[in-house]
Amino acid sequence: MRVTEVLKNCNLRAWPGYIKPEDMEFYLNRGRAIHRATALYDLGRLDWPSVDPRIEPFVQGWVKFRKEVGGVITAIEQPVSNIALGYTGTFDRIISKCALHPTGNLLIDIKTNEADIYTRLQTAAYALAQKKKVKRGYVSLFETGKYTALVYGNDASDIVAWKACIQLNNWIGRNTR
């Protein structure tokens, strides 16, 4: 099961109330396009004239973030799995030796709106599936071309809470068939 599905099944991840059901497909596609464009930027292959004007400000926010924090991108859109706990997912980036974590690796989740509290659990799941030690954080990109970023502290309860989500998800699955 995917990390985001587990969170959704536990009612910890939902669409913001202001997004109408008929607009969800637009926002899903926009998010995919923003993730694809930021990945191409990090790979040095973004063709700026091809960037849709509706996502350009988000990409500009990513460019500002990258220039301000520096570091080296060591992984982009990397699938991970934790066989023992039975989940998979795809984290967005690992940046090594950047201004937000100068001594190690920072696992970043990119959000195309304000990150919610459950991003802590999402990144905890990705970190738990890593073979190397990482700090976790997020970058929220906005239509204004701005961004916000946060690095989470070393709160072990994030891992405990994620494992509880796995257990709850499994319990729900066993009891709703």
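**Helix packing and a pocket**

E3 gives the most to the lining of the second largest pocket, with 3 residues. This is a predicted model, where local features need pLDDT of at least 70, side-chain atom pairs count only at pLDDT 80 or more, and totals for chains, interfaces and linings use all residues. Residues are numbered from 1 along each chain as its sequence is written, and side-chain values use heavy atoms, with hydrogens and water left out.

Q: Which elements give two or more residues to the lining of the second largest pocket, and which residues lie nearest its centre?
A: Of the 15 lining residues, Ala-127, Val-134, Lys-135, Arg-136 and Asn-154 lie nearest the centre. The elements are strand E3 (101–111), helix H4 (119–128) and strand E4 (135–141). Lining residues have an atom within 4 Å of a pocket point; a pocket is an open set on a 1 Å grid, for a 1.4 Å probe, with protein on both sides within 12 Å along at least five of seven lines.

Q: What makes H2 oblique to H3?
A: Helix H2 (residues 24–42) and helix H3 (residues 56–69) pack at about 40°, with axes 9 Å apart. Angles under 35 degrees count as roughly parallel, over 145 as roughly antiparallel, 65 to 115 as roughly perpendicular and the rest as oblique. H2 is therefore oblique to H3.

Q: Which residues of H2 and H3 meet?
A: Arg-30, Ile-34, Ala-37, Thr-38, Tyr-41 and Asp-42 in H2 meet Phe-58, Val-59, Trp-62, Val-63, Arg-66 and Lys-67 in H3. Contact means heavy atoms within 4.5 Å.

Q: Why are H4 and H5 called roughly perpendicular?
A: The axes of H4 and helix H5 (residues 157–175) cross at roughly 90° and come within 9 Å. H4 and H5 are therefore roughly perpendicular to each other. On the H4 side, the contact includes Arg-120 and Leu-121; on the H5 side, Asp-158 and Trp-162 are among the residues.

Conventions. Helices (H or I, at least four residues) and strands (E, at least two) are DSSP runs, numbered from the N terminus. Axes are lines fitted to C-alpha atoms, for helices over the stretch in contact, and angles run from 0 to 180 degrees between N-to-C directions.
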